[in-house]
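Please keep the sequence and the coordinates at hand while reading.

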Amino acid sequence: MKAKTLAILRRAMLPLDGTIADWVPEIVDAYARIVPEARWHDLAMIDFTAGSCLMPTVFAARGVRRLAVNDFAPRSHLAAQFLFGGPKIDPARVASLLATARPSLHPHVPTFHFACDYLIEPVCAVFDRLYHARVPAAERAGLQYLAVRWALGFARSVEDGFEILYSHDPAQLKRLRDPDWRPYLARARRPATVVGQLVRDLNAAIDTVGPAKAKLFCADMKDVAPQIKFKAPLFAAVNPPTRGLDEYTIDDQLVHSLMANRWLPLSQTPETPLAFWTRRVDAALRHLPSGSHYMVWGGDGSMSFEACRAVWDLYGVARHLKRLSSDPQAPGWAIYESH
Ligand SMILES: C[S@@+](CC[C@H](N)C(=O)[O-])C[C@H]1O[C@@H](n2cnc3c(N)ncnc32)[C@H](O)[C@@H]1O
């Protein structure tokens, strides 16, 4: 895939801690060596744990027209609703929402009322103007994904997440050095510029993804798998959390609270990370038609790569294996052909 095309899709993907986005080009190229791209016109692709949504957008940009995109998390489902359905975001609409003194918004609790430990008031105001805008239904996914991307940009980094604001006085924040709030404050001062660039990035991805038809799900993959009626040739991405769900619940608390328009309490899954992973991988792989291919990842969580492999081997034959280093503890990924 051309680096320019990949860069467009990476700029539009959902930033996510724990994503395997950096390996997506290599994974898709490895699959193209197993099933030549010339045969992809009747290929179906399902991503059971889409996360950043990069992998399904890459397949769509390379000509795959039948996709199913699932993730348990509303933040990824929203990204998929925009990236696989559009329409493009209207820059004039965005400019007016940001500039109008009192834009027409759906009734909502001001986001600053519950997100003020992480987002200063001006940032929340821009989020509300985009996320709660009273616009035709077709425009909502684009504006809401744009709002989410605006807010996520105030995280210290994807890995570190959001810093707590011990003050809302810009002068005091500016004097602090660790963390350094200056990039945060600079971004907050330029909403039209930052949001304008995001609009261009997101719209460019719509052109790149093209007319792919994607069935979207926002459910536990163990419940989605039985519903998928795709026939081979089929490529399935199966990449549930390897350290359990709880770390995602914590990482996603702010973004999901912004989307729910209230502060969401944390929760813990009753399953052990091992049980969580094994049940999901089993549910996905047991429903795949014979001769399809599945991409799996493991070894960086509650199970070693070899232990993960013992589960993957039950459903197919490895056609490509890649460990991230020669370290016996190293995680890795694989592409299997199902029995
Ligand atoms: C390791 S991440 C990888 C995501 C994606 N492959 C990527 O690279 O961006 C795991 C993803 O699985 C999702 N997830 C967690 N539990 C799930 C479940 N039971 N069913 C579907 N998705 C789930 C999380 O929300 C997260 O987006």
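Trp 277, Tyr 294, Phe 305, Trp 312 and Tyr 336 form one aromatic cluster in this model, which is predicted. Within the structure as a whole the count of aromatic pairs comes to 16. One of them joins Tyr 294 and Tyr 336, whose ring centres are 5.1 Å apart and whose planes meet at 10°, so that the pair is stacked, given that planes under 30 degrees apart count as such. Because Tyr 294 belongs to strand E5 (residues 293–298) and Tyr 336 to strand E7, the pair ties together parts of the sequence that are 42 residues apart. Tyr 294 is buried, and Tyr 336 is buried as well.

Strand E7 also takes part in a charged contact. The side chains of Glu 337 and Arg 319 meet in a salt bridge, with a distance of 2.3 Å from N to O. Since Glu 337 lies in strand E7 (residues 332–338) and Arg 319 in strand E6 (residues 316–323), this pair ties together parts that are 18 residues apart in sequence.

The salt bridges found in a search of the whole structure number 22. Side chains of opposite charge can pair when their charged atoms come close. In the salt bridge between Asp 220 and Arg 280, the closest N and O atoms are 2.7 Å apart. This pair links distant parts of the chain, for Asp 220 is in the loop between strand E3 (213–217) and helix H12 (221–224), whereas Arg 280 is in helix H15 (residues 273–286), 60 residues apart. Asp 220 has a relative accessible area of 10% and is therefore buried, because the cut-off for that class is under 20%; Arg 280, at 4% relative accessibility, likewise counts as buried.

Arg 280 has a further contact, in that its charged end sits over the ring of Phe 276, 4.1 Å from the ring centre. The neighbouring topic is the salt bridge of Glu 271 with Arg 279, in which the closest N and O atoms are 2.6 Å apart. Arg 279 is partly exposed, with a relative accessible area of 46%. Both of these salt bridges fall within a network that links Asp 220, Lys 222, Asp 223, Glu 271, Arg 279 and Arg 280.

The rings of Trp 150 and Phe 154 have centres 4.8 Å apart and planes at 80°, so the pair is edge-to-face, and both Trp 150 and Phe 154 are buried. The ring of Phe 154 also has the charged end of Arg 187 over it, 4.9 Å from the ring centre. Trp 150 is one of the buried residues of H8, which also include Ala 141, Leu 143, Tyr 145 and Arg 149. Because 12 of the 16 residues of H8 are buried, the helix is largely enclosed by the rest of the structure. How do the end C-alpha atoms of H8 compare with the span that its 16 residues should have? At 1.5 Å a residue, helix H8 (residues 137–152) should span 22 Å, and its end C-alpha atoms are 23 Å apart, which agrees.

The last part of the path concerns strand E1. In a regular strand the side chains alternate between the two faces of the sheet. Strand E1 (residues 44–47) is covered on both faces, with Ala 44 and Ile 46 buried on one side and Met 45 and Asp 47 buried on the other. E1 runs parallel to strand E2 (residues 66–70), to which four bridges join it, and E1 also pairs in the parallel sense with strand E4 (residues 234–238), again over four bridges. Asp 47 can be followed in both pairings: its bridge partner in E2 is Val 69, while in E4 it stands opposite Ala 237. Together with helix H3 (residues 54–61), E1 and E2 make a right-handed β-α-β unit.

Key:
Residues are numbered from 1 along each chain as its sequence is written. This is a predicted model: local features need pLDDT of at least 70, side-chain atom pairs count only at pLDDT 80 or more; totals for chains, interfaces and linings use all residues. Side-chain values use heavy atoms; hydrogens and water are left out. Buried means under 20% relative accessible area, exposed over 50%, partly exposed in between (1.4 Å probe, protein chains only). Helices (H or I, at least four residues) and strands (E, at least two) are DSSP runs, numbered from the N terminus. Two strands pair if DSSP finds at least two bridges between them. A crossover is right-handed if, with the strands pointing away from the viewer, the path from the first strand over the helix to the second runs clockwise. A salt bridge is a side-chain nitrogen of Lys or Arg within 4 Å of a carboxyl oxygen of Asp or Glu. The expected span of a helix is 1.5 Å times one less than its number of residues. Rings of Phe, Tyr and Trp (its six-membered ring) pair if their centres lie within 6.5 Å; planes under 30 degrees apart count as stacked, over 60 as edge-to-face and the rest as tilted. A charge sits over a ring if NZ of Lys or CZ of Arg is within 6 Å of the ring centre and within 35 degrees of the ring normal.
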